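Dear colleague,

I am handing over the structure below, and I would be grateful if you could look it over before reading my notes, which follow it.

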Amino acid sequence: MYEPLKGIDLNKAEPIILGIETSCDETAAAVIRGRKILSDEIASSADIQALYGGVVPEIASRAHTDAVAEVVQRAIKNAGITHADIDAVAVTYGAGLLGALLVGVSFAKAFAYALNKPLIAVNHIRGHLAAAYLDCQTLQPPFVTLLASGGHTAVLYTKTQSEFEILGATLDDAAGEAFDKVARVLGLKYPGGPNIERCAKEGTACVEMPKMLKGGGGYNFSYSGLKTAVINYCHTKEQKGEEYSKADVAASFQHAAVDVLVEKTVAAALEKGVTFVTAGGGVAANTYLRESLKAACDKNGLQLVLPEKRYCTDNAAMIASEGLVQYRLGNFADMTLNAKASIPLAATLETVQSRRANSEGV
Ligand code: KG4
Ligand code: ZN
């Protein structure tokens, strides 16, 4: 009989949560005790995907199937715990590649069922937001977050652990998507973000770029014009047979893409009157963004909580961290849990009715 919630203590001092993440091309598993990371394992199919210039869903699914059991066992072993020590299994159920998500969800369901452990459904984006909790043990809402991943770019206000407000978001492409597309234009390999960053180090930001809704558009962003400007610049140079520096283009693009993120995040934090600013998502691993955001926060008396680079890009520790938030709220999934390929940002941030509020002592 699967009865994992019998006698569960939602106030347990430091629950041990196993997190599993398979939404894209990384098969990841991690174990946390309270907010402390005990282990964090990743097997990536990025090298194979690079041969195709992007993520091929079928290849990702197969790679997850091959890796998931081993990665989870490694995470448990390296955490120095036994199966019995696990208080809950948290898994990314969406958004992401459907086939890839299904591997993690199916594995987590079977694992939780076999061990009679509670199952927690984690939204990938909520995971990115929860990464900051691992970096700062005492961080509590309210805070303002810059979310910049491959699919989303937004400035969010976290009022409580289950109440969010979208202060602004991209009107077209996400910042990460712009990094990836511009990398392709410059002939740089997948994944685009880190390769643009590497290339930009050799250049200077001397090529003129569009203003990017800087100083306007509220807290919204627009990246499609920036991508088009880079394409036009390169094509014009090529048509005229003129040489140009890819490194200068990469540096100029990086500055334009990042400066607006920093400006609007800080402005939002000041308007909301919060003390803490956090960031999450793959683009938050960008060194220029990290340094600029730190400098801007320091200048404005804001405290920046920036997850380590590896906890900005996809990982399972952040899934376990959001799992802990849901554990405290008493939000558990059952064996009907299914994967979801797309979840709009507003739905991602909807307040989940806490089971704790309705049935104390589940
Ligand atoms: O959060 P993430 O790992 O996956 C999603 O949930 O989308 O973000 C991936 C995105 C990609 O677009 C990638 O190019 C970008 O984050 N990214 C970076 C860097 N590392 C990853 N962008 C800029 N600089 C980086 N160092
Ligand atoms: Zn992600």
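Contact, in what follows, means heavy atoms within 4.5 Å, and helices are DSSP runs of H or I with at least four residues, numbered from the N terminus. This is a predicted model, in which local features need pLDDT of at least 70 and side-chain atom pairs count only at pLDDT 80 or more, while totals for chains, interfaces and linings use all residues. Residues are numbered from 1 along each chain as its sequence is written, chains are lettered from A and ligands numbered from 1 in the order in which they are written, and side-chain values use heavy atoms, with hydrogens and water left out.

In the pairing of helix α5 (residues 175–185) with helix α8 (residues 246–272), Ala175, Ala178, Phe179 and Val182 of α5 meet Phe253, Gln254, Ala257, Val258 and Leu261 of α8.

Helix α6 (residues 192–200) has 7 of its 9 residues buried, so this helix is largely enclosed by the rest of the structure; buried here means under 20% relative accessible area, exposed over 50% and partly exposed in between, with a 1.4 Å probe and protein chains only. Those buried residues are Gly192, Gly193, Asn195, Ile196, Glu197, Cys199 and Ala200, and what covers them includes α5, α8 and α9 (287–299).

With best wishes

Definitions and conventions. Helix = DSSP H or I, 4+ residues; strand = E, 2+ residues; numbered from the N terminus.
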